[in-house]
Amino acid sequence: MSYCLISWGANSHGQLGQGIQSEECVSPREVNLSKCSLEPQKINKIVGGAGHTLILDDYGRVYSCGWNNKGQTGFPVKEDVLSFRELNGKFKGKVVIDVACGWDCSAALTIEGTLFLWGSNCFGQLGEHPSKLQWTHEPFEVVIDRKIKGVSIGLRHITLVTEDRKILVAGAGNKGQLGLNYSGNEKCLNAVYTFTEVPTLTNVDDVSCGQHHTIVVTKDRNLYAFGDNKHGQLGLDTDTITKTSSPIKLSNFQFQLPIKIHSGWSHVIALNDGQIFGWGRNTYGQLGIADLERPTSWKAVRIGNLSKIQQISVGSEHNVALTENGKLLCWGWNEHGNCGNGHKTDVQFPEQLSLSYDYTGILVGSGAGHSFALIKKS
């Protein structure tokens with residue numbers, strides 16, 4: 001058996017790491033990693049932004065490729081990076097344990113609990129005032145008084161989980177996605193340029209940022225949501241709440257631990273005990289319920305008739321999942337071949353990825369409109 005990395009979907013900035021720029025790649029292709037030190041079998045995590053991709057390996061090294069107009073790949077802004085390259089510099093001697101991408105910015109979390117950020121800061125999403133820093137290709141360490149254990153980035157905002165299980169936020173807040181209103185007047189802060197604690201949230205386990213919303217999971221299985229709710233992505237009735245800048249506890253969600261939440265632009269996918277639940281926008285079939293007559297659903301809908309799911313990755317409006325028996329599933333928005341099925345028609349229900357050879361899926365990842373999988377060829 002041999003391990004290989006495959007990619008498909010949008011590639012206008014070389015974000016698929018295939019060494020070329022193309023409008024799209026509608027069927028999976030193998031990524032040539034021979035020119036960098038990345039070993040396919042050591043890939044630990046794959047994440048993407050609008051047009052760039054980060055890969056973390058088991059050694060704690062970070063690799064990137066794709067769109068680089070704001071330095072989001074971590075290399076000097078000259079041109080897009082078409083093949084994966086290792087990020088050295090500030091990471092030399094560091095062991096990175098997690099990576100995250102926003103639309104055009106990036107984050108890396110080290111084993112010591114320090115956070116490095118780079119890319120666009122046009123909305124203060126790197127925790128600096130845009131008048132002082134517009135963007136940077138040089139990763140810089142976030143200086144705060146606590147260790148960081150988690151990070152998630154939306155379109156223009158960022159959320160950190162601290163070691164003492166609190167939430168720190170920065171960036172755009174015009175839709176309430178920072179959750180910093182605790183006076184009850186529902187006025188949204190346009191932006192916050194320094195990392196600021198959300199005082200009403202404690203005992204936080206995980207966080208997931210969407211386009212203009214944030215979902216928080218606490219250690220006692222509770223979910224809290226804030227931000228834009230136009231499509232029901234907060235899990236709240238759209239007839240009564242269109243947006244909120246105050247964290248609201250979701251009373252109609254009953255999940256067992258562990259709960260893994262993934263946010264697209266305007267839909268949310270929860271992986272719980274091998275089952276997939278989704279809520280929010282369904283215009284492209286991204287909830288996997290094959291019911292486009294229902295363009296939104298603020299109530300969690302379970303996708304039935306699936307094998308047990310081991311891992312899922314959520315793009316802006318599409319999803320890639322790995323079953324426990326090593327099969328790859330894709331569904332949702334497919335305009336750029338994001339679902340890897342050879343065409344560009346949206347996919348309403350999880351569809352198995354078909355390759356010309358037998359394979360076992362090991363890991364999946366995605367960006368806004370592009371997808372990855374680490375597989376073992378049989």
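Modeller: One term first: a residue counts as buried when its relative accessible area is under 20%, and as exposed when that area is over 50%. Keep in mind too that this is a predicted model.

Colleague: Fine. How many of the 378 residues count as buried, as a percentage?

Modeller: 59% of the 378 residues of the chain are buried. The chain exposes about 15000 Å², and carbon and sulfur atoms supply 45% of that area.

Colleague: Let's go inside. Which residues of the largest nonpolar core touch the most other members?

Modeller: Leu5, Ile43, Ile55, Phe84 and Val99, in a core of 28 residues. Among the strands that each supply at least two residues of this core are β3 (43–48), β4 (52–57), β6 (81–86) and β28 (370–377).

Colleague: Why would nonpolar residues sit together like that?

Modeller: In soluble globular proteins, nonpolar side chains tend to be buried together.

Colleague: Take leucine 5. What is it in contact with, leaving aside neighbours within four places in sequence?

Modeller: The contacts of leucine 5 include Ile43, Ile55 and Phe84, which are also on the list of core residues that touch the most other members. Leucine 5 is in contact with Val31, Leu33, Phe372 and Leu374 as well, among others.

Colleague: Which residues belong to the other core?

Modeller: That core lies apart from the largest one and has 25 residues, among them Cys4, Ile276, Ile303 and Ala321.

Colleague: Now the sheets. What is the strand order in the one with β7?

Modeller: The order is β7-β8-β9-β10, an open sheet of four strands with antiparallel pairing. The edge strands, β7 (96–101) and β10 (135–141), each pair on one side only. On average, neighbouring strands of this sheet are turned by 10° against each other, direction ignored.

Colleague: What holds paired strands together?

Modeller: Backbone hydrogen bonds: strands of a sheet pair through them, either parallel or antiparallel. In this model, β9 (115–120) and β10 pair over four bridges. Look at glycine 119, whose bridge partner in β10 is threonine 136.

Colleague: Which strands make up the sheet that has β11 in it?

Modeller: β11, β12, β13 and β14, in that order; this is an open sheet with antiparallel pairing. β11 (148–153) and β14 (191–197) have a single partner strand each, so one side of each is left without a neighbour in the sheet. The twist averages 10° from one strand to the next.

Colleague: How many bridges are there between β12 and β13?

Modeller: Five bridges join β12 (157–162) and β13 (167–172). Histidine 157 has glycine 171 as its bridge partner in β13.

Colleague: Switching to β17. How many of its six residues are buried?

Modeller: Six of the six, so β17 (223–228) is largely enclosed by the rest of the structure. β17 runs antiparallel to β16 (213–218), with five bridges between them, and isoleucine 215 stands opposite alanine 225. β17 also pairs with β18 (243–249) in the antiparallel sense, over four bridges. There, tyrosine 224 has lysine 249 as its bridge partner.

Colleague: What is between β16 and β17?

Modeller: A hairpin with four residues between the strands, where arginine 221 takes a positive phi near 75°.

Colleague: Last one: histidine 336. Buried or exposed?

Modeller: Buried, because its relative accessibility is 16% and the cut-off for buried is under 20%. Histidine 336 is placed in the loop between β25 (328–332) and β26 (347–352).

Colleague: What does histidine 336 touch, not counting residues up to four places away in sequence?

Modeller: Gly9, Ala10, Glu23, Glu24, Cys25, Val26, Lys344 and Gly369.

Terms used
Residues numbered from 1 in each chain as written. Predicted model: local features only at pLDDT ≥ 70, side-chain atom pairs only at ≥ 80, totals over all residues. Heavy atoms only, no water. Buried < 20%, exposed > 50% of the residue type's maximum accessible area, 1.4 Å probe, protein only. Contact = heavy atoms within 4.5 Å. Pairing = 2+ DSSP bridges. Axes fitted to C-alpha atoms, helices over the stretch in contact; angles between N-to-C directions. Areas by Shrake-Rupley, 256 points an atom, 1.4 Å probe, with all protein chains shown as cover. Core = buried A, V, L, I, M, F, W, Y, C linked by side-chain atoms within 4.5 Å.
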